[in-house]
Amino acid sequence: MKTADQAIHDILWKKLSEMVNGNVYESRPMNDVGYPFVDFEDSGTNFAGTKNGALSTVTINLNVWDTEKNRKNVSDICTLLPTYAMAIRDAYDYKVSLRINDSSIRILQDRTVNPPVWRGMLSLVFDIL
């Protein structure tokens, strides 16, 4: 059986693969790759005790990258992914729900490379029900 964070990761991976033609990576690729691409930055799990046991919250942080001319593509993917995530109710036998108020999107231009590229940073927070 998968852990809750792995289950959510795998569901998001499948959707992102469709959005960026399979250019999804576990970590930032060190070689030249095609744009757009996505890399998973990290994930975290928090636990809260209740009368009935423990509830957990899983946070997945990822990055969407595209060329300087394709900022709109980064924006579109960053907007579509949370919309998709809100519809997820089941991730490999885990009941999940996106905490939209705790999730975030940030888009910035990365000028550490030439030519500059656009980076969308998403933080998606899920309750495990």
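Predicted model: local features only at pLDDT ≥ 70, side-chain atom pairs only at ≥ 80, totals over all residues.
Residues are numbered from 1 along each chain as its sequence is written, and side-chain values use heavy atoms, with hydrogens and water left out. Local features need pLDDT of at least 70 and side-chain atom pairs count only at pLDDT 80 or more, whereas totals for chains, interfaces and linings use all residues.

Val-38 belongs to strand E2 (residues 37–50); helices (H or I, at least four residues) and strands (E, at least two) are DSSP runs, numbered from the N terminus. With a relative accessible area of 0%, Val-38 is buried (under 20%; exposed is over 50%, partly exposed in between; 1.4 Å probe, protein chains only). Residues up to four places away in sequence being excluded, Val-38 touches Leu-16, Val-20, Asn-23, Val-24, Tyr-25, Leu-62, Asn-63 and Val-64, contact meaning heavy atoms within 4.5 Å. Val-96 is 58 residues from Val-38 in sequence, and their C-alpha atoms are 22 Å apart.

Asn-23 is located in the loop between helix H1 (4–19) and strand E1 (24–25). Asn-23 is also buried, at a relative accessible area of 19%. Under the same exclusion of sequence neighbours, the contacts of Asn-23 are Gly-34, Pro-36, Phe-37 and Val-38.

The largest pocket is lined by 14 residues, and Asp-32, Tyr-35, Phe-37, Val-113 and Val-117 lie nearest its centre. A pocket is an open set of points on a 1 Å grid over the protein atoms alone, where a 1.4 Å probe fits, with protein on both sides within 12 Å along at least five of seven lines; lining residues have an atom within 4 Å of a point.
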